[in-house]
Amino acid sequence: MIKYKTIGPGGFAGAILLTLLLTAILYFTGGFNVIEGNLGVCLPSPDLWNIPREWSWGINLALILVCGVGLIFFNKAYSVIQTADLVLPSMFLVLTACTPWAGGPLGSSSLMAVTNLICLSAIFACYKSRNATQQVFTVATLLSVGSMFQYAFIFLMPGYILIGLMMKCFRIKELIAFMLGIAAPYWIAIGMGLIPLEAFHLPSFSTLFDKVTPGSELLIGCVTLGFTALVGVIMALNNAVKLYAGNSQRRLYNNAIAVLGLICVAGMILDFNNLPTYLATFFITIAVQIANTFALWNIRRGHLWLLGITTLYVTVFLIMAL
């Protein structure tokens, strides 16, 4: 029988209920969204899709929950966290639900998180594979299609090349497959006349320091995210000590996820107009560090610590949303 040391099915169910509750609060208080439209390379970003409000909120919520459940199967398949505890999916849901910018109507954040979970699964499955062209082509195609609607997917492309090298499955033929995967969606869309050339446009960047002013509501969210990133880095460095002495494959998996986290942090700072897009993926990487901390280190009364973390983030949510 599986033993749960910190969070079991009951705790995960509680995280789901909290996600539903906070989403309902956000829905009835009018929502909170800072994303700007026209963030695709050649197609409108998800926040501009003509979807009824109820459906938009419902789809976004469903994608977040799917990602949470997907993390359970992801960890079972690749043992990124060496425990059966459900800290990883639970903390992902808590962090995402407690950040108003990541909830609300359908946006790029939840879509990018699900895409990254699929891409990571595909790349991890190729560990030391002698022929990973099909999987690499699939990853590149997903990122390429995503970039049509949201240019932030472009920044993930070099990251996945690096992750492929870390998984020891990226050689010349995989690089060619990756390039073809990027080109194929655009080639098909332009060749079939689905997207006119005049639809292409360059993104407009704005850094964190251009937007945040002292005393603004935006400052609260940015300070919280900065604190989360800082604690995530500290946990990652501490976890690396234990992971270095353990299974080498698990260590590489965790290093790959850390790379993804660094890309998200850089994106949130340098591409501030687009900050919400990176959040759900960022919270996956932070949840991995939290789960590793409780799995690798002997933390007593771990459930109380996690309850305290949840309470802190719920408080920040209420300050921002109400």
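Predicted model: local features only at pLDDT ≥ 70, side-chain atom pairs only at ≥ 80, totals over all residues.

Biologist: In which loop is the place of Ser45?

Modeller: Residues are numbered from 1 along each chain as its sequence is written, and side-chain values use heavy atoms, with hydrogens and water left out. Helices here are DSSP runs (H or I, at least four residues), numbered from the N terminus. Ser45 has its place in the loop between helix H1 (9–28) and H2.

Biologist: Is Ser45 buried or exposed, and with which side chain does its side chain make a polar contact?

Modeller: Buried means under 20% relative accessible area, exposed over 50%, and partly exposed in between (1.4 Å probe, protein chains only). Ser45 has 0% relative accessibility and therefore counts as buried. A polar contact is a pair of N or O atoms within 3.5 Å; within protein, one must be able to donate a hydrogen and the other to accept it, and residues adjacent in sequence count only if both atoms are side-chain atoms. At 2.6 Å, the partner of the Ser45 side chain is the side chain of Asp47.

Biologist: Why is H3 largely enclosed by the rest of the structure, and what does its cover include?

Modeller: Eleven of the eleven residues of H3 are buried, so this helix is largely enclosed. One of its buried residues is Thr96, which has a relative accessible area of 1%. Taking contact as heavy atoms within 4.5 Å, the cover of the buried residues of H3 includes H1, H2, H11 and H12.

Biologist: Which residues does Thr96 touch, not counting those up to four places away in sequence?

Modeller: Thr96 is found in helix H3. With residues up to four places away in sequence not counted, Thr96 touches Ile64, Ala102 and Phe283.

Biologist: How are H3 and H12 oriented to each other, and in which crossing does H3 pass H12?

Modeller: The axes, lines fitted to C-alpha atoms over the stretch in contact, with angles from 0 to 180 degrees between N-to-C directions, come within 9 Å and cross at roughly 20°. Angles under 35 degrees count as roughly parallel, and H3 and H12 are therefore roughly parallel to each other. A crossing is left-handed if the near helix is turned anticlockwise from the far one by less than a right angle. H3 passes H12 in a crossing that is left-handed.

Biologist: Where is Arg301 found, and what is its phi?

Modeller: At 60% relative accessibility, Arg301 counts as exposed. The residue is found in the loop between helix H11 (275–296) and helix H12 (302–321). Although Arg301 is not a glycine, its phi is positive, at about 50°.

How values were computed: Helix = DSSP H or I, 4+ residues; strand = E, 2+ residues; numbered from the N terminus. Parallel < 35°, antiparallel > 145°, perpendicular 65-115°, else oblique.
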